[in-house]
Structures are given as C-alpha cells and as structure tokens.
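Please read the points below alongside the sequence and the coordinates.

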Amino acid sequence: MRVLHVISEMGAGGAEALVAGMARAGAEFGWRSAVASGGGHRADALRASGVPTFPVPVARRRATGVLRAATATRAAVRGFRPEVVLAHNVSASLVARLAALPRRLPVLTVFHGVAEADYPRAASVLKRTSRAVVAVAAATADRLRAAGLTAPAPVVIPNAVFTQPPRGDRDALRARLGTAPDVPVALCLARLEPQKRHDVLLRAWAEVGGDAVLWLAGDGSLRAESQRRACELGVAGRVRFLGTRSDVPDLLAAADVTVLTSDWEGMPVAVLESLAAGRPVVATGVDGVREALAGGGGIVVPRRSPAATAKALRELLFDAGLRARMAAEGLAAVRRDHDPDAFMRSYDELLRATIGGLR
C-alpha cells in the first residue's frame, strides 16, 4: 500500500514526530510511505533513511499559498503515485484534496486539534475534503461532531509514541546547558506561540523558587516577548531558552519533570514522550491531555492558573519519591494505551478498508 503523508512542516512538533514514526513503522505493515511537506530536520532524517520526501511550500492559510502548496503536492502525487493520502490537520487536508482531485485519490485526515473557536470552520472544511477523519482524542472527536461533522463521522485513534533512546550522557548535556547534575530541571517542549501560554508558565516559575531551572525547548513568534517577561519576573537566571531542538530524547533524559500550560491541545505527543521516558508531567487539563494522563503519570492543573501550576511543579521537583511513583504510573499507562503497534494496526485497517471500498 502506497501512502503519501501531507503535512505543513516536518520540524520539531508533535504531529511531525507522529508522521516520522508512521513513515518508518509502516514498512512492517506493507506500507511504502512518502512525505510531502515544507521540510525540516525530520524530513531530512527520513530522506536519509530512504523515505521519499517532496517539497511543498507552507500554505499559511492564504488562497495563493494553498494553490501553490496544492500544485507542489500534485507533483508529489504524480511522482509517488500513492493509493491513499493521509493529511495531517485541516490546511493539509484542503491542499491534499485539491492535489488529489485529478486522480480521485481518497484523502484521510488526521485531526490533531484546533482552538475552540475554529472547530466550526474545521468541520466545514473536513466534510468536503476527507473520506475519513481520525481524531487523536475522544474529546476532539466530540468537538468535531458538535461543530457539525457527522459525515464522515470522526474515528478516534489515540496518538502513540515512537520512542527513541537518548544518544548522549545526562550530565554532559546538563553541563553544556550550564546546569549542575543535582539541580532540579523542568522541561517544556512547546513552540513559543500563543496556544502554549508560556506567559502562564513563566509566572508560575516565578512562584516555584529554589534553585530549580526551567528549560524551554522550542522557538516561535513569542521568543523575544517571553525573554523580556522572564527578565521582568526576575527568573531570567533560572530559565534557559534552548530554541528548536532535534535531541528531545536527550533532553527528557536530562530533565526531572516536564510541563505544558497550553490553552488547548489535541493529544500532545510531548506528553506521551515524557511518560515513555519516565518523566512525570504537569499540564493543563485540556481535551487529550486529560485522556493521556487519566492513567497516571502527572498532575493536571486548570488552564491559565500560575498558582496551581507552581504548586504542582514544586511538589514534583522537590520530592524524588513522588516523581518515582508517578513515573512508574506513566510508563504503565503509555505502554497500555499508546502502543505504537496497536496504533499502526488501527491505521492500517482504516486505510485498507477505505481503499477496498473504492474498488
């Protein structure tokens, strides 16, 4: 089965990690995979491992951008000749449908989530573009149905985590980042964009106190503003802005806990990666985050609450016994509920059933 993944970019995000994992694991299920995207370090790594990649300019929600992206994706379709297109998120679905029209290829969407106000528009687009829609969490499927997406009815396949072992030494990485071996470290794996609410996290960090250090792995439009805020709050000396990273397994091995203060999420792969690495999580209780942490492994806090976030971070950062108990719970939960083999079997069955239904 020839599967073409279409996604805006292949950098450090969670959807990108999922695509990379699926492209590699697909061979075990008889897939021949390719990826059409705006590029990034994950696309480079896939290409080096023999997975075909095709360049597609990022649409950025503009009509001209969508048309340019659709033209490039159509070239990928001609070059790879897929049997099915797996589009990740709404804009990629629109691009994929425009590209696939001449060949009448089935387009399936993996819906990773949008802001609450954007669900009606997302449902309107998806009912026109996609033969099937996979929601990464039950909560996002419920929101899509409430917004009017009943045909196709969303199918829930929770995200999985394709684990990779760390490549370096914990103490050596800490030394490179100016952090002593025994200093408690909280790690946030998130783009510096409004959705992720680093302003809430930094206000919480000002209340944590002690000698703990916060690592912010990610970049984005709010980096300069976040750096100014850290200075204003008096925590600049305890915050490291690491930029975009391709060594997430090493960062997880070197950290003690992870934290995510987003306003909304689908089912963040960063949370699943943290659990799989044995790192407890502090995260806002939004949609798929609640589902991911339902089996344990972290502390769920209210949205936009620096005080609750700070309290949870203090509990975990300075209590090794609590961290160990939660780490064990998280490992058990992620192995049970987010197994990559079960995840790939679900997608394989859906894709093959879709292709078979067209014959």
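In what order do the strands of the open sheet of seven strands run, and with what pairing? The order is 3-2-1-4-5-6-7, and the pairing is parallel. The model is a predicted one.

- Two bridges join strand 6 (residues 132-135) to strand 7 in the parallel sense, and valine 134 has valine 155 of strand 7 as its bridge partner.
- Helix 1 packs on this sheet, where it touches strand 1 (2-6), strand 2 (32-37) and strand 4 (84-88). The direction of helix 1 makes about 155° with that of strand 2.

- Strand 12 (residues 281-284) pairs with strand 13 in the parallel sense over four bridges; the bridge partner of valine 281 in strand 13 is glycine 298.

**Packing of helix 5 and helix 6**

- The axes of helix 5 (residues 119-129) and helix 6 (residues 138-146) come within 8 Å and cross at roughly 80°.
- The two helices, helix 5 and helix 6, are therefore roughly perpendicular to each other.
- Helix 5 contributes Tyr119, Ala123 and Leu126 to the contact, while helix 6 contributes Thr140, Arg143 and Leu144.
- By class, the contact residues are four nonpolar, one polar and one charged.

**Cavities**

- Two cavities of 30 Å³ or more are found in a search of the whole structure.
- The volume of the largest cavity is about 70 Å³. Its lining consists of Val6, Ile7, Ser8, Gly38, Val56, Pro57, Val58, Ala59, Ala69, Ser91, Ala92 and Val95.
- Helix 4 (residues 90-100) gives the most to that lining, with three residues.
- Nine residues in the lining of the largest cavity are nonpolar, three are polar and none is charged.
- The second largest cavity holds about 60 Å³ of space, and the residues lining this cavity include Leu187, Cys188, Thr258, Leu260, Ala270 and Val281.
- Strand 8 (185-189), strand 11 (257-260) and helix 11 (269-276) are the elements that give two or more residues to the lining of the second largest cavity.
- That lining has eight nonpolar, two polar and no charged residues.

**Second largest pocket**

- This pocket has a volume of about 670 Å³.
- It is lined by 28 residues, of which Phe162, Thr163, Gln164, Pro249 and Glu273 are the closest to its centre.
- At least two lining residues each come from helix 1 (14-25), helix 2 (41-48), helix 10 (248-254) and helix 11. Helix 1 provides the largest share, six residues.
- The lining of the second largest pocket comprises 17 nonpolar, five polar and six charged residues.

Note on methods: Residues are numbered from 1 along each chain as its sequence is written. This is a predicted model: local features need pLDDT of at least 70, side-chain atom pairs count only at pLDDT 80 or more; totals for chains, interfaces and linings use all residues. Side-chain values use heavy atoms; hydrogens and water are left out. On a 1 Å grid over the protein atoms alone, a cavity is a set of points where a 1.4 Å probe fits but cannot get out, and a pocket is an open set with protein on both sides within 12 Å along at least five of seven lines; lining residues have an atom within 4 Å of a point. Grid points are joined across faces, edges and corners, and a volume is the space filled by probe spheres set on the points. Ala, Val, Leu, Ile, Met, Phe, Trp, Tyr, Cys and Pro count as nonpolar, Asp, Glu, Lys and Arg as charged, and the others, Gly among them, as polar. Two strands pair if DSSP finds at least two bridges between them. Contact means heavy atoms within 4.5 Å. Axes are lines fitted to C-alpha atoms, for helices over the stretch in contact, and angles run from 0 to 180 degrees between N-to-C directions. Angles under 35 degrees count as roughly parallel, over 145 as roughly antiparallel, 65 to 115 as roughly perpendicular and the rest as oblique.
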